[in-house]
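Me: Hi! I'd like to walk through a structure with you. Could you take a look with me?

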Amino acid sequence: MEFRPFRVPLSTRFRGVTERSGVLVRGTAPDGSDAWGEYSPFADYTPDRASRWWAAAMEAANGLWPAAVRDSVPVNSIVPELPAGRAAQLAVANGCTTAKVKVAGTVSLKDDVRRVEAVARALGPAGRVRVDANGAWDVDTAVRSLKELDAAARAGGGGGLEYVEQPCRTAAELAEVRRRTHVLVAADESVRIPGDADEVMRLGAADILVLKAAPMGGVRVCLDVVDRYDVPIVVSSAMESSVGLAAGLALALAVDHLPYACGLGTSALLAADTVSEPLVPVDGEMRLRPLEVIV
Ligand SMILES: O=C(O)CCC(=O)C1=CC=C[C@@H](O)[C@@H]1C(=O)O
Ligand SMILES: [Mg+2]
């Protein structure tokens, strides 16, 4: 195997992260061709959690992804905390018809509401708007804010929020929010390893699980979680370079039921990439293709 360290800056600071770094691993697929994996755990990962990321990199570098059941997957655009006009532009970038809007950050709820409405308007009636609070609200604030944000999505011409991702920090809080709002609740940070998903499901904490191939330990581990529960999933990235994104894409291509657009459009947030032609959505869809590694 060959190992190549990399470091790529982000073009937009995203949740305190300004660059991504890690190691690309070149291995050999069963058919003898080169296969690449990416190991890029976040700095605050414990060795135990980072070892799952390593397992995902090894699965990729040994060409062990399962067969695809589709050619391409729908991808959502990502709208960070930006003024409404710029947010609306980003929402429809690359032909995406679903947008994920970051909320509950450093600006007021009023600003979040304005942004969600502008995004819903830009996407039009057939568009979908989801919000991600990254666990920032307490339960009461979540319930109150979701009412306003859902109304803003409707005022923009859409059918209301598609779902809210991680409104509060704990799974128990997610369960309570879920009981107190009609907006669907997706668990993201609450599902970092397969055991977490058991806890979320036991507590009735989510309508949807967000699955990220690398932190979970690979594509096959994620498919095991999918098989274990009768719950829709959203495949999302962990802000990897395009080599890592390909693992998320392999998962989304292989899962039987894919009702939601995937959060795999994050190479747009990188100022550079590990491949000559980054994986980006085209007409709102992403497909797997050979990547030329340039690090
Ligand atoms: O879900 C998406 O559309 C893109 C991925 C994404 O938003 C994230 C990836 C990695 C780290 C997170 O802060 C963030 C998220 O909170 O979901
Ligand atoms: Mg999230």
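Reply: Happy to. One definition before we start: helices (H or I, at least four residues) and strands (E, at least two) are DSSP runs, numbered from the N terminus. Also keep in mind that this is a predicted model.

Me: Thanks. Where is Pro-66 found?

Reply: Pro-66 sits in the loop that runs between α1 and β4 (72-74).

Me: And is Pro-66 buried, exposed or partly exposed?

Reply: Pro-66 counts as partly exposed because it has 14 C-beta neighbours inside 10 Å, while buried would take 20 or more and exposed 12 or fewer.

Me: Which residues does Pro-66 touch, not counting residues up to four places away in sequence?

Reply: Those are Val-219, Arg-220, Leu-223 and Ala-254. There is also Ala-250, 184 residues apart from Pro-66 along the chain, with 7.6 Å between the two C-alpha atoms.

Me: Let's go back to the helix before that loop. How many residues does α1 have, and how far does it reach?

Reply: Helix α1 covers residues 47-61, which is 15 residues. From first C-alpha to last it reaches 20 Å, close to the 21 Å expected at 1.5 Å a residue. After α1 comes Gly-63, with a positive phi near 60 degrees.

Me: Which residues of α1 are buried, and what covers them?

Reply: The buried ones are Arg-52, Trp-53, Ala-56, Ala-57, Glu-59, Ala-60 and Ala-61. Their cover includes β2, β3 (34-39), α7 (213-216), α8 (219-228) and α9 (242-254).

Me: New topic: domains. How is the chain divided?

Reply: There is domain 1 (2-61) and domain 2 (72-287). Their C-alpha centres lie 22 Å apart, and 21 residues of domain 1 are in contact with 24 residues of domain 2. On the domain 1 side, β1, β2, β3 and α1 each supply at least two of the touching residues. That side divides into 12 nonpolar, three polar and six charged residues.

Me: How do β1 and β2 pair?

Reply: Strand β1 (residues 2-14) and strand β2 (residues 17-28) are antiparallel, with nine bridges. Phe-14 has Val-17 in β2 as its bridge partner. The hairpin has two residues between the strands, and Arg-15 takes a positive phi near 50 degrees there.

Me: Last one. Which residues come nearest to ligand 1?

Reply: Arg-15 turns up again, along with Lys-100, Ser-236, Met-239 and Gly-263, out of 13 residues around ligand 1. The shell divides into three nonpolar, six polar and four charged residues.

How values were computed: Residues numbered from 1 in each chain as written. Chains lettered and ligands numbered in written order. Predicted model: local features only at pLDDT ≥ 70, side-chain atom pairs only at ≥ 80, totals over all residues. Near = placed C-beta within 6 Å. Nonpolar A, V, L, I, M, F, W, Y, C, P; charged D, E, K, R; others polar. Pairing = 2+ DSSP bridges. Expected span 1.5 Å × (residues − 1). Contact = placed C-beta atoms within 7 Å. Domains from an automatic or database assignment.
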